[in-house]
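Here are my notes on the model, point by point. Please read them with the structure open.

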Amino acid sequence: MATRHGINWDKAQALQVAERNAFIGRMPRSRELSSQAAGHLLFGVPLHWMNDWSTPFSLYVAAAQGARFTDADGHDYVDFCLGDTGAMFGHSPRPVADAIARQAQRGYTAMLPSEDGVWVAQELARRFGLPYWQFALSASDANRFAIRWARAITHRSQVLIFNGCYHGTVDDVFVDLVDGQPQTRDSLLGQVYDITRHTRSVEFNDLAALEAALQDGEVACLLAEPAMTNIGMVLPQPGFWQAAQALCQRYGTLLLIDETHTISSGPGGYTRAHGLQPDLLVVGKPVAGGVPCAVYGFSAETARRAEEAKRNAPPGHSGIGTTLTANLLAMAAMRANLAEVMTDSAYQYMFGLAERLAAGLRGVIAQHELPWCVTQIGARTEFQFTATPPVNGSEADKILDSELEHIVHLFLLNRGLLITPFHNMILVCPDTTAADVDRLVAAFGDFVQQVR
Ligand code: PMP
C-alpha cells in the first residue's frame, strides 16, 4: 500500500476519480458555460489562474451572499474561501451594498477627492496607528507603490523579502532561494531582467540571515507579511518581530508590513494585535468589502521623508498611482465597510468560530493519528500536511502537495463546502454559523475516514 502524508494514496486516487465523475455529472450548466468560454477567453477563463482549482472545469457562480453562494446549476455552498480574502467579511455585506447603491447615483470616478476619503484616512490612522495614507486598486499595486516610495526615500535600491513570500504580482518579490542562493522565479512570464540584482531573500524566522542581508546598509525596505500565509501558514517565533524590527532600525531599512491576509488577526491587523511598528503598511482585498481597493499607510517620519522625496524630484510622473485610484465608488464602499462591517464585534464572533473550526479539525487529525497540524491567525485557519508546523518558507514549500489538496478540496466542494485553492486555507465571516463550521469538520472527518 502506498502512503502519502499518512493516508492511503491508492484510496485517495480512486476517490479523486469518483469525485471528478460526480462533479461532471452534477454540473451540466457549468460545463456548457466552460465550453462556450473556450471560444473567446484565453485558456477558457477570464483569468488563467481560474483553471488551477481542483475541478475538471470551472465552477460557475450564479450569486453570492454572506457566507454562501449558488452555482450556475443551482447548488448551494458554504463559502470558506471567500474570494481568497476579498470577501472575508461576507459577500455583499448590507452596509457596503447600500453604500454602493447610493454612490451609484452620484458618480463612480472623477479623479478628484470625495469626503469619504477624509473619514477613511482618519479611521485607518485610528486602527493601525499610522497617521498618513494613500490608496491603490489592489494590494499588488499598493506593494509596488510602497516599494517605490521606500526606494525614493532611502536612495537605496535593494528590497529584502522572506523566501516563499507572496505579495501579489510585484516583480521585485519573485525571487526564490534555491540551495540557499537567490534566483528569479522561473515560472515568471515575460520577465527580462535579473530580479536578484535588486532583491534579496532570506528565510523567515532567521535573525542571523536577516542581519547579514541588512548590514551593508543597501536595503531600502523589508517587505513582509507578519506571518507568512501564501506558502501555507508560517508563524513568527516568539520575539522574532521585536528583534527583526530592531535590526531594520539599526540599519536604516524601512519595515513595510503587508497585512492583506493577516488582517484576519484583528481590526488593526497583526500590527496592532502584536504591537508592531512598521514604517509602511499595506492592506488590500477586503478593505472595501470586496470592491477593488487597497490602502497603504506611512509613519509620521516616513510620510515626511516621502513628501520631501517628491518635492526634491524633477517635476513629472512619479510612477505611483493609477487613474481610478481612490475613485468615488471604492471610497464609499470602504467607508461603509470600515464603519459597519469590519468591526470589533464582527472579529470577536469570527475568532470564536475559527477556534471551533481549529478544535474540530484537530480532533479529526488526532482521532485518526494523522501527521497533520492546524495553524491559525485569528479568523484564518489552515490544516497542513505535517505534524510539526513549518518555521520558514523552505520547510513550508516541502510539505505542499497540490495533488492531495485537489482531492480534499474536490471532495468538500461536492458536499457544498468551498475552501481556498492552492493551499488549505479556511476563512469564516460574520455570516458563517457554528452549524456551517460543524458541517465542514464532519465532511473533513468523512474524507479522512475514506482515505486512512
Ligand atoms: N499581499 C498578500 C499578502 C497577498 O496574499 C496577496 C494576494 N494573495 C496580495 C498581496 C496581492 O493581492 P491582489 O492580488 O489583490 O493584488
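1. Contacts first. Two residues are in contact if their C-beta atoms, placed from the backbone, lie within 7 Å. On that basis, and leaving aside neighbours within four places in sequence, Ser140 is in contact with Gly168, Thr169 and Val170.

2. Ground rules. This is a predicted model: local features need pLDDT of at least 70, side-chain atom pairs count only at pLDDT 80 or more, and totals for chains, interfaces and linings use all residues. Residues are numbered from 1 along each chain as its sequence is written. Helices (H or I, at least four residues) and strands (E, at least two) are DSSP runs, numbered from the N terminus.

3. A residue is buried if 20 or more other C-beta atoms lie within 10 Å of its own, exposed if 12 or fewer, and partly exposed in between; the C-beta atoms are placed from the backbone. Ser140 sits in helix α5. It is partly exposed, with 19 other C-beta atoms within 10 Å. Ser140 and His75 lie 65 residues apart in sequence and 33 Å apart in space, C-alpha to C-alpha.

4. The ligand shell. Which residues come nearest to the ligand? Of the 15 around it, they are Ser138, Ala139, Ser140, Gly168 and Thr260. A residue counts as near a molecule if its C-beta atom, placed from the backbone, lies within 6 Å of it. Helix α5 (residues 139–154) gives the largest share of the shell, three residues. By type, the shell has two nonpolar, nine polar and four charged residues. Here Ala, Val, Leu, Ile, Met, Phe, Trp, Tyr, Cys and Pro count as nonpolar, Asp, Glu, Lys and Arg as charged, and the others, Gly among them, as polar.

5. Helix α4, geometry. The expected span of a helix is 1.5 Å times one less than its number of residues. For the 14 residues of α4 (residues 115–128) that should be 20 Å; the end C-alpha atoms are 21 Å apart, which agrees. Gly129 follows α4, and its phi is positive, near 80 degrees.

6. Asp116, Val120, Leu124 and Phe128 are buried. They cover an arc of only 70 degrees around the axis, which puts them on the same side of α4. The arc is that of the directions from the helix axis to the C-beta atoms. An α-helix has 3.6 residues a turn, so residues three or four places apart point the same way. On the other side of α4, Glu115, Val118, Gln122 and Arg126 are exposed. The cover over the buried residues includes β6 (132–136), α8 (269–273), β13 (280–283), β14 (294–298) and α10 (328–341).

7. Strand β6. Four of its five residues are buried. β6 pairs with β14 in the antiparallel sense over five bridges. Two strands pair if DSSP finds at least two bridges between them. Tyr132 stands opposite Phe298 in β14.

8. Pro286. This residue is in the loop between β13 and β14. Beyond its neighbours within four places in sequence, Pro286 is in contact with Thr85, Gly86, Ala87, Met88, Phe89 and Ile263.

9. Strand β10. Is one face covered, or both? Both: Thr199 and Ser201 on one side and Arg200 and Val202 on the other are all buried. Strand β7 (residues 158–162) runs parallel to β10, joined by four bridges. Leu160 stands opposite Arg200 in β10.

10. The open sheet. Four strands form it, in the order β3-β4-β5-β17, with mixed pairing. The edge strands are β3 (61–65) and β17 (417–418), each pairing on one side only. β4 (residues 68–71) and β5 (residues 76–79) pair in the antiparallel sense over three bridges. Thr70 stands opposite Asp76 in β5.

11. Helix α13 and Pro421. The buried residues of α13 include Ile407, His409 and Phe411. The buried residues of α13 pack against α1 (9–26), β17 and α14 (434–451). Pro421 lies in the loop between β17 and β18 (425–427). It counts as buried, with 20 C-beta neighbours inside 10 Å. Not counting residues up to four places away in sequence, Pro421 touches Asp52, Trp53, Ser54 and His409. Pro421 and Asp84 are 337 residues apart in sequence and 8.2 Å apart in space, C-alpha to C-alpha.
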